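Hi,

Here is the structure I promised to pass on. Have a look at it first, and my notes follow below.

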Amino acid sequence: MPNQPFFLTRPTRLTTPLVFSSPHSGSDYPVSFRMRTRLDALTLRSSEDAFVARLFSSAPEAGAPLLAARMPRAWLDLNRAADELDPALVEGAPRTPHNPRISSGLGVIPRVVAGGRAIYEGRIGLAEAEARIVTCWNPYHGALKGLMAEAHARFGQAILIDCHSMPHEAIEAHSRTEASPPEVVLGDRFGASADREIVDRIEADFRAAGLRVARNAPFSGAYITQTYGRPSRRHHVVQVEIDRALYMDEATIEPRPDFEAFRAMIAGIVARITDIGRDAVPLAAE
């Protein structure tokens, strides 16, 4: 594993209360992990938000930091609580009250990838699971908390854009047969993680780019949205899910030929949404 379990790109000058985070786009698969998994490389990557960090790579140019995972989601899920350990996978993990994520194999150390396909032949030890949390989960969330605190201290609020992707098949299956499926789903936990005005503005900017947008169905937000979204404290979180078919070949996990054009579209959206709160007077000198 790399010494630092994430990439953090800061703007030359912080000019907005927005923070961008991509917790599932990591693709640095440890050799020891690849050797012990029962899955081939493409199947192992099926849960990965491939290229999402690249889609939002313009955030620092727009005055906002971008935090992106290096470790893959199949190895450690940063959008889960550190104590969401799966006893069916982690030997010695304590039993907890029913948790649907853990039961389905999608705890902080996933037991399965997309489609319910088992990652391991057997179980892993508790010490190994805890080591992943200490070396990767803790630093990532420490960095994310620091960025949120910095934005709040400077601008009186922090707005986290939690960047993800969704399989085209999943969103198509969830949509009504008579309607075109959304291309972007914004999650604010039905209003619990962000002020409505902020979500309205973000939705309007995605729609202005010609994208079909839905809210909270089928994705309303998970651990990051639930934990960091505190509108009463002016800590807002909006989860953004983008249809993978718009920019990549899901079968080969390769960018589409028009990937750069789509990335330019996202850059335009990022430039517009980073204007939110930009007119606020910074509360601290640079």
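Let's start with E128, which is partly exposed because its relative accessible area is 27%. The cut-offs here are under 20% relative accessible area for buried, over 50% for exposed, and partly exposed in between, with a 1.4 Å probe and protein chains only.

Before going further, a word on what you are looking at. This is a predicted model, in which local features need pLDDT of at least 70 and side-chain atom pairs count only at pLDDT 80 or more, while totals for chains, interfaces and linings use all residues. Residues are numbered from 1 along each chain as its sequence is written, and side-chain values use heavy atoms, with hydrogens and water left out.

Salt bridges

What does E128 do with its side chain? It meets the side chain of R36 in a salt bridge (2.7 Å, N to O). By salt bridge I mean a side-chain nitrogen of Lys or Arg within 4 Å of a carboxyl oxygen of Asp or Glu. R36 sits in helix α1 and E128 in helix α5 (residues 126-155), so this pair ties together parts that are 92 residues apart in sequence. For the element names, helices (H or I, at least four residues) and strands (E, at least two) are DSSP runs, numbered from the N terminus. R36 is partly exposed, as its relative accessible area is 33%.

By that rule the count comes to 19 salt bridges. Here are some to find on your screen:

- D28 and R70 meet through their side chains at 3.2 Å, N to O. This pair links distant parts of the chain, with D28 in the loop between β2 (18-22) and α1 (31-36) and R70 in the loop between β3 (66-69) and β4 (90-91), 42 residues apart. D28 counts as partly exposed because its relative accessibility is 28%.
- D49 forms a salt bridge with R244, and their closest N and O atoms are 3.3 Å apart. D49 is in the loop between α2 (41-44) and α3 (52-55), and R244 is in the loop between β11 (235-243) and β12, 195 residues apart. Are these two buried or exposed? Both D49 and R244 are buried.
- R196, D200, E203, R207 and R215 are linked in a network of salt bridges.

Strands

Two strands pair if DSSP finds at least two bridges between them. Strand β3 has partners in β1 and β2: four bridges join it to β1 (residues 6-9), running antiparallel, and three bridges join it to β2 in the parallel sense. In β3, A69 stands opposite F6, and L67 stands opposite S21. L66 and A68 point one way from β3, L67 and A69 point the other way, and all are buried.

Three bridges join β9 to strand β10 (residues 213-215), and the two run parallel. The bridge partner of V184 in β10 is V213.

Most residues other than glycine have a negative phi, and most peptide bonds are trans. With that in mind, look at the loop between β10 and α8 (223-228), where P218 is found. A cis peptide bond joins A217 and P218, with omega about 10 degrees. N216 lies in that loop too, and its phi is near 65 degrees, a positive value in a residue other than glycine. N216 counts as buried because its relative accessibility is 8%.

R234, in the loop between α8 and β11, also has a positive phi, about 65 degrees, although it is not a glycine. R234 counts as partly exposed because its relative accessibility is 42%.

One more spot

R117 is in strand β6 (residues 117-118). R117 counts as partly exposed, since its relative accessibility is 36%. Its C-alpha atom is separated by 22 Å from that of F51, 66 residues apart along the chain.

Cheers
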